[in-house]
Amino acid sequence: MALIKKPNIKSIPYEEFKDNETLEQMIDQLNENGTNVIVTTADQLMNWGRSNSVWPMNFGTSCCAIELMAMGAARFDMARFGFEVTRTSPRQADLILVCGTITYKMAPVLKRLYDQMADPKYVIAIGGCTCTGGPFTKSYHVVKGVDKILPVDVYVPGCPPRPEAFYYGMMQLQRKMKIENYFGTVNRKEIDAYKREEEKKEKEVINTEQEA
Amino acid sequence: MNNNTYFGGILDAVKSLTIGLKTSIKVFFEHHETEQYPENRATLTFTDRNRFCLEMPHNENNEHKCIACGLCQMACPNDSITVTSEMVTTEDGKKKKQLVKYEYNIGQCMFCNLCVTACPQGAIQFNQEFEQAVFDKSKLIKVLNHPGSKCQERPKPVIASKPTATPQGQPAGTQTTGEPKTETGETPQQEKVAATEPIETKKED
Amino acid sequence: MTLEFTTIAPSELHAEMLRQKNEQKMDFLVNLIGMDWGEEGLGVIYMLESTETGETINIKTVAEDRQNPYIPTVSDLWQIANIYEREVYDFFGIKFLNHPDMRRIFLREDWVGYPLRKDDQTELLNKLRMSDAPLSDTTKEYFLTPDGKVAEKTNTVWGADEYVVNVGPQHPSTHGVLHMRASLDGEVVKRVGLVLGYIHRGVEKISESLTYPQLLALTDRLDYFSAMQNRHALCMCIEKAMGLEVSPRVQYIRTIMDELQRVASHLIYYACMTMDTGALTAFFYTFREREEICKIFEDNFGGRVIQNYNTIGGVMYDIQPDFAAEVKKVSANIRKRFHEYQDIYTGNIIAKNRMIGVGKISREDAISLGTTGPVGRASGWMNDVRRRHPYALYENVEFKDIIRTEGDTNARHWNRMEEILESLNIIDQLIDNIPEGEYQAKRKPIIKLPEGSYYQAVESSRGELGVFIESKGDKTPYRVHYRSSSLPLANAMDTACRGQKFADLIAIGASMDFVIPDIDR
Amino acid sequence: MFDFSIVSKWFHDLLTDFIPEWLVIGIECVIVLLFIIVLYAILAIALIYLERKICAFFQCRIGPNRVGKWGLLQVFADVFKMLSKEIIKMRQSDRMLHDMAPFFILTASFLTFSCIPWNKGLEILDFNVGIFFFIAVSGIGVIGILLAGWASHSKYPMIGAMRSGAQLISYELSIGMTMLTMLLLCGTMQLSEIVQQQADYGWNIVRGHVPAVLAFIIYLIAGNAECNRGPFDLPEAESELTAGYHTEYSGMGFGFFYLAEYLNLFICAAMAATIFLGGWAPLYFPGLDGFNTIMSYIPGFVWFFGKAFFVVFLLMWIRWTYPRLRIDQLLSLEWKYLMPISMFNIILMAIVVCFGLTL
């Protein structure tokens, strides 16, 4: 495992990041079959490019989107990271920052937007609403966490999170991107999160029926 | 020249456009006050009113102030706090509630401060640690009481020497030092809350 | 204020409403609230106001049949009733006779049940569906046949030969997830239809299960640009119902905060307007100043967008000692910078051409559409709640009524720009005189409102924002309704956009300055 | 002034000594091609970086600064990313046209790119109807945009492409007119000749004084519109049409549009520098001999790039200041204002040249 370096982010030491355990777990999973010097070096170059050029999609439904706007503005300039190229077309975006509540009516739209994005694509759930339903957990029309419909990479809690917290989430994502493999293995088994849930439910139904 | 004529219109347009150019180039050379986040981590400070994550301060003996009354759990509008408690019998034979696990779901919290104001003990408070992003959703649920921690022995109720104006307000003790503070911020009303509300929940349950 | 109702049977409703409108000059339909009174039946509350005399009247009508409730429409009298009645149909299943367009508006068309009915089992019946939401091009109209039975017929909304462009739900210029369907003829917009509910979060339903202090937190998230004012409205409504007096210090703080919030909101409006019309640099100019206001918010309440500041009977924290100095600094800075906004954008010939004479709304339309706030005032309708029903300290401060008569995008833009200065004036009058006192009134820990209906409106950044609470004397409200200030504005898009260019649709939308979560609630 | 043709001639002679002439020309073609591609890529990257930094400064921000020193490596990271992105194939699009569209735009910008005289004797395509050729090939770009909009089978790209068609064709006229104005002054269409004249007799913008300045301004406006850049960025109007004609392009397909946009900006600026500001000709003040000698020590391509980037800055300044026009306003600006003015300007220039009023 010596080949896989711990992902390094400018100005924040590795140890000070949260949730390093999950990250290390991911590294182990990705490199179960061993690594190769040449491939790893090429991977690192590719990952350097990818992780430093994350173009977010211009997506926002409510309050968190205002913080996203504030993040783009002068006080917290997101151009410093190279994130400022917000693409309005999902085809050109690498990352969808799910800013704000996702309702039942919006869920298919969000899923479609995600499907329209070109690989490799990433999802960050921003704010309480997208992590768990947040303030509207008790609502009849709010999706309780976007992980029900999309594979979420990073969760950023807050209501809404500060722009700095956004950056922190983005840097977490950068760390995740830096450990990925470009050549060779599959980075993540893309399972339709919603379908998975449904399948599970169906299985449960069958099981219970059998039991009955 | 009249702005409605052809040439007047052109002149007017050129004038207004030049003013625009002048303004933007002026700003071009201005000082930029961008806060550079990861670089300024050391100097980044917030007032204690900023609410980013709930915490339960422990003193150096690993003791907290929570008496597991469950008021915060009831005050929470969307159930992001779960208090698990057990009844234990103390040495002098009294039955007493004791905190087992204080779970707080930061992913669900809306930072409304109702739990902190509801707490009669000042056992919980919001901290200013905004770096909370994680990869795994289950990491968003935090256990606030440290492992093996105990409830602090409460000092004898002191008669409030300087009653503060409000039952709502900041947490009574923003405790950073380990010294057990006397709860002077309590008003009789809060005592009443502590006395009445748990009974009501039981009814509801 | 406590509401008194005149009850009218559904069969006489339309005639009575016509009389109210024509004879009593009740030309402004403030609010149309669907209600479920359980055994009593389903009903609607109409709140009317006369723009001439300032008189108000509240009318209540009850349809007793819970299975098939029918109430005659008033959408032919007030244009805004069209969308309000669709909302009531959506949430309560009350069918409005002769309403031309009885489709669901917030929920999916294949939604089962009516969520705001007390006996509805919405959550059981409606699971998350990942199929695309159906969008029908036809609609049903219910009407009474001469023999007194209800019949239905099908109306076409979007013809097969129309070139319909969907603006939204994910579009950079709808400031969220509004879905407008624009029928185009080349670049010219023929008409605009709204599909709402992409961020319908069911706040009104959740509110029915929350205690009053818990209720507060949700209001901030409705119209997040007017978070302070929203919460002010709700707190005031509850305080008045409880008979709780707040100290003058609180009144001062609240008024100042409301105005600061208004300035921040209008600065964001300018930013969005410039961004939508392609002037990307101007966007950053006002955001720069808005961040300074945000800094004050951070220091004083610990929130930037969502502040959680007002509480029942006071405010969460006392203001910081340097508050006055900071506010003065910001106010001076905005005044200093104000000309820059005009130099780079408003004064510009391109911007002028894009704004002057575009998206006109006449005064009659504005009243009928209920477009309060700067939009209504741009059409010459003086509708400031701060004047009509003064609250907090607005009786004691002097401020100018900013009113224009052109009704176009330019007038709306300038109204907001001048309101920034006017709000700063109000702040200047108050900031030095904040009296000492407690910032939180003493109150019982458990709040129960006496039985009755209460309504309180404030002038939010985009118009009249009202809170309606019906209490049955419990810890939780029986029904909460918010009069959205943005819904009428979004509804006015159709009137404003007809015959304009497609690019103008974006500019007009920006000049309306609606906030989508406030529309959908 | 150093004449680069000495080098190329020496190289050519050197090779012809050993191998047959046709092979030499073949080798030279390959070298030139490599030169163009490398320069194209470098310039695009430099321009994107510049744009991001300059726009940040206009917007009171600081721009990229975390990737590499001062964010210098930012665009390289973008390129790596873009190369590794998936290219989405859509079921309902016209696949062939959809894939071809970016190459039309690239071809147009490559061909125009080759016309630019970099230094004395350093031209790739240089013949007696240079300007004519330039205008002709730059018109290919519009086909690419129209195809991209049409083949995407989507409403927004279609609207964007139609807008673009109307816009580019209209503004091509103004560009033609302003160039015609300057041709009256120069009397030749060969680009190297135009620059040589300016080196000898002074920059065109000075020589042609009033009509030349007028033409320069009109050229800047029209050129900005030709590049689809703000305030004329209607075809891709972000806030209206999401991303306009290239909404449906992902990965390198979009990357080509992105590169071509910046290169077109550079070509526009380089042409302005060549025709109005004297190309590689140094700044001379008649009478100040010492100054002039120092100036002539600075190599020609430095002068050229200096001038071109100055014009690029002007164009960026304009872009980051003004709001976007509406389509009808855009067309009325062209047909009601720019066209008549540039026609009048031609006559004015003819009078100036005819009566020898040039400086």
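1. Chain A contains seven helices and three strands, where helices (H or I, at least four residues) and strands (E, at least two) are DSSP runs numbered from the N terminus. Along the sequence, the elements of chain A follow the pattern α-α-α-β-α-β-α-β-α-α. This is a predicted model, in which local features need pLDDT of at least 70 and side-chain atom pairs count only at pLDDT 80 or more, while totals for chains, interfaces and linings use all residues. Residues are numbered from 1 along each chain as its sequence is written, and chains are lettered from A and ligands numbered from 1 in the order in which they are written.

2. Of the 212 residues in chain A, 57% are buried; a residue is buried if 20 or more other C-beta atoms lie within 10 Å of its own, exposed if 12 or fewer, and partly exposed in between, with C-beta atoms placed from the backbone. Among the contacts in chain A with a separation of 6 or more, 79% are between residues 24 or more positions apart, a contact being a pair of residues whose C-beta atoms, placed from the backbone, lie within 7 Å.

3. Between chains A and B, 38 residues of chain A are in contact with 29 residues of chain B. On the chain A side, helix 1 (20-30), helix 5 (127-131), strand 3 (154-156) and helix 6 (163-178) each supply at least two residues, and helix 6 of chain A gives the largest share, eight residues. By class, this side of chain A has 16 nonpolar, ten polar and twelve charged residues; Ala, Val, Leu, Ile, Met, Phe, Trp, Tyr, Cys and Pro count as nonpolar, Asp, Glu, Lys and Arg as charged, and the others, Gly among them, as polar.

4. In chain B, three strands form an open antiparallel sheet in the order 3-4-6, two strands being paired if DSSP finds at least two bridges between them. Strand 3 (81-89) and strand 6 (141-143) of chain B are the edge strands, each pairing on one side only. Strand 3 of chain B pairs with strand 4 (residues 95-105) of chain B in the antiparallel sense over nine bridges, and B:Ser85 stands opposite B:Leu99 in strand 4 of chain B.

5. Chain C is divided into domain 1 (1-120 + 140-155) and domain 2 (203-516), with bounds that come from an automatic or database domain assignment. The centres of these two domains of chain C, taken over C-alpha atoms, are separated by 28 Å, and their contact takes 18 residues from domain 1 and 22 residues from domain 2. Strand 2 (28-36) and helix 2 (79-92) of chain C each supply at least two residues of the domain 1 side, with the largest share, six residues, coming from strand 2 of chain C. That side of domain 1 has twelve nonpolar, five polar and one charged residues.

6. Chain D has 15 helices and zero strands. Its radius of gyration of 21 Å agrees with the value near 21 Å for a compact globule of 359 residues, the radius being taken over C-alpha atoms and the globule rule being 2.2 Å times the number of residues to the power 0.38. Buried residues make up 52% of chain D, and the C-alpha atoms of chain D fill a box of roughly 65 × 60 × 40 Å along the principal axes.

7. D:Leu34 lies in helix 2 (residues 21-58) of chain D. Is D:Leu34 buried or exposed? D:Leu34 is exposed, because 10 other C-beta atoms lie within 10 Å.

Terms used. Two residues are in contact if their C-beta atoms, placed from the backbone, lie within 7 Å.
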